[in-house]
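Let's take a walk through this protein model together.

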Amino acid sequence: MSLAARIASSFHAPVRLSSSSVGRQALRPVCQAEFGKAGLRPSGNCTRLSAANRSSSSGSSSGGALNVADPLLRRTGEGSEPHLGAGRSGSAHRPAFVMASAAGTSGAANSGEKDFDVVVWGATGFVGKLVCERLARKYQGKVKWAMAGRNRERLEAVRDTCAAANGVAKDTEILIGDIEDQASLAAIARRTKVVIAMAGPYAKFGEPIVEACLAEGTHYVDITGEPWYIRKLMDKYHEAAAAKNIRIVPTCGYDSIPSDIGTFFLAQHAREKLNKEVTDVRMLIAGGKGGISGGTIDSLLNPNLSREERRLAQQPYCLNPPGMQGGRDGRDQVGVGWIPELGKRTFPFIMQPINSRVVRRSNALYGERYGKGMTYNESCIAPGPSIITAPLVVGVLGLSFGALISPIGPFLRRKLLPAAGQGPSQEMMETGSWKHIYLATLAGEKEATLQAIGQGEGDPGYGSTHRMILEAALCLALEMDECEAAGCLKGGILTPATAMGPVLLNRLQQYGDVKFSISTCVGARDTMTPEAPVPSTTDGQQQSKM
């Protein structure tokens, strides 16, 4: 989680809206059982559905070939009966809108026996340690794993910590490699099905690991939030990874799994249950508590970015495939926004520049099956009297960033912020949480009529992130057949939704302390009085529509 997100969270509390606080334009309210904690009151005929108990009923995929601009990723035929979840305990079925990958591709990832299911590269970093500890506590003896890095002494210290949680972990193998020694990285990748890459900034340290994985037929996951790095991987390695059926999946942490899988969940419900496409999605931060690590600060304030890389990151469709890099989305929100359905002002979410690009790439790689021309954006709901709090938070965010990139920035970072390898306290990670509201406008509708909630336990950037990336890695290591049966894409520079889709959704809810629930409400709306709207500084237009 970034510094700005941490500052924003100090002003931020879960949304509390009474039935008298939102006006006639308000969103068709959601079920009290799901949205009560957000202060929203249900009205009309309301049906609730959680991802954990959705049935595999109704809906079928249309046949025919639907070409996608990224090479080798094409729809090749009809899918089977749609089904939400795909776990070890049950068979997976292709969701109605999910297309299969690449007819005519050659090669196969992970051909031959591997010593390990997963290897944690960068195990001595802050989040890397958390991943190792969770493997020791939850999966020791069930998953074959090892830890890797360049410093044996520090790795042994991590192993000792893991052994304190589970004595069997004392035998965990340690693999030594160096980012400057490609042969050592290849030797590590050769022995595992999946590399969990935890050493950032990824723009500086990630590419050699990706090259090693491609050379050795090994899948890859990381928690980068750097769009310029992902674009570089796309340009250099997408075709080779697709041809070899190797899944290279960045952004498997808080940025961007809640955004990507939450939108996947929402779009799947819209098509399967309502037979509708989604035209606009807004993801709103409705509550959260967490801290920050030194590694995140290093990535966020990377002083080595070129002007071209910074310009690239500002492009709404910079991660879309060639030929699909345009649409209705504008610039990211930079000031105070307005959500008419909730009658609330918003302030920018610091992760939107990466999350929104990832969601748009998912829709594009799936042949726009979420919705043709679908728009997507994110922001944070301002707490309390948002006419006061929203501008206040925007001002604090601006001043904070200005100070950190000023000549006195290095001094401030040394004195006030954690160094690399340091992060939030154990208490903060355990008591932290996140909560998102997803609002979708369906084809043919003029306002949002479909809503969902996503919630996670633990500090978002660390307590929840280490759970999410581990479950993503285990999808690729243990449930590859389920991913393929579900119609997920077989190879390339992918997103969590396109690489693992419903299988990851299921694992997150079963093992990752993440929950998604959805509610469709039809009928009369509450009569409420919203706050007066204000112009947005995003492209000079009001932030009421995407």
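A residue is called buried when its relative accessible area is under 20%, exposed when that area is over 50%, and partly exposed in between, using a 1.4 Å probe and protein chains only. Helices (H or I, at least four residues) and strands (E, at least two) are DSSP runs, numbered from the N terminus.

Keep in mind that this is a predicted model: local features need pLDDT of at least 70, side-chain atom pairs count only at pLDDT 80 or more, and totals for chains, interfaces and linings use all residues. Residues are numbered from 1 along each chain as its sequence is written, and side-chain values use heavy atoms, with hydrogens and water left out.

Let's start with helix α19, which covers residues 501-511. Of its 11 residues, 9 are buried, so the helix is largely enclosed by the rest of the structure. Which residues of α19 are buried? They are Gly501, Pro502, Val503, Leu504, Leu505, Asn506, Arg507, Leu508 and Gln509. Just after α19, Asp513 takes a positive phi of about 60°.

Glu482 sits in helix α17 (residues 480-485) and counts as buried, because its relative accessibility is 13%.

## Salt bridges

Next, look for charged partners. A salt bridge here is a side-chain nitrogen of Lys or Arg within 4 Å of a carboxyl oxygen of Asp or Glu. How many salt bridges does a search of the whole structure find? The search turns up 18. Here are some of them:

| Asp117 | Lys193 | 3.3 Å |

Glu471 counts as buried at 0% relative accessibility, and Arg507 does so at 3%.

Now move to the salt bridge between Asp117 and Lys193. Asp117 belongs to strand β4 (residues 116-121) and Lys193 to strand β7 (residues 192-197), so the pair ties together parts that are 76 residues apart in sequence. Asp117 is buried, with a relative accessible area of 5%, whereas Lys193 counts as partly exposed at 25%.

## The sheet

Two strands pair if DSSP finds at least two bridges between them. In this model, 7 strands form an open sheet with parallel pairing, in the order β6-β5-β4-β7-β8-β9-β16. Why is one side of β6 and of β16 left without a neighbour in the sheet? Because β6 (173-176) and β16 (492-493) stand at the edges, each with a single partner strand.

Strand β9 (residues 247-249) pairs with β16 in the parallel sense over 2 bridges. Here, Ile248 stands opposite Ile493 in β16.

## A buried asparagine

Where does Asn320 lie? You'll find Asn320 in the loop between α11 (307-313) and β11 (337-339). Asn320 is buried, with a relative accessible area of 4%.

A polar contact is a pair of N or O atoms within 3.5 Å; within protein, one must be able to donate a hydrogen and the other to accept it, and residues adjacent in sequence count only if both atoms are side-chain atoms. The side chain of Asn320 reaches the backbone oxygen of Met324 at 2.7 Å and the backbone nitrogen of Arg361 at 3.4 Å.

## Cysteines

A disulfide is a pair of cysteine sulfur atoms within 2.5 Å, and the structure holds 0 of them. For Cys132, the nearest cysteine sulfur is that of Cys162, 5.2 Å away. Cys132 counts as buried at 0% relative accessibility, and Cys318 is buried with a relative accessible area of 0%.
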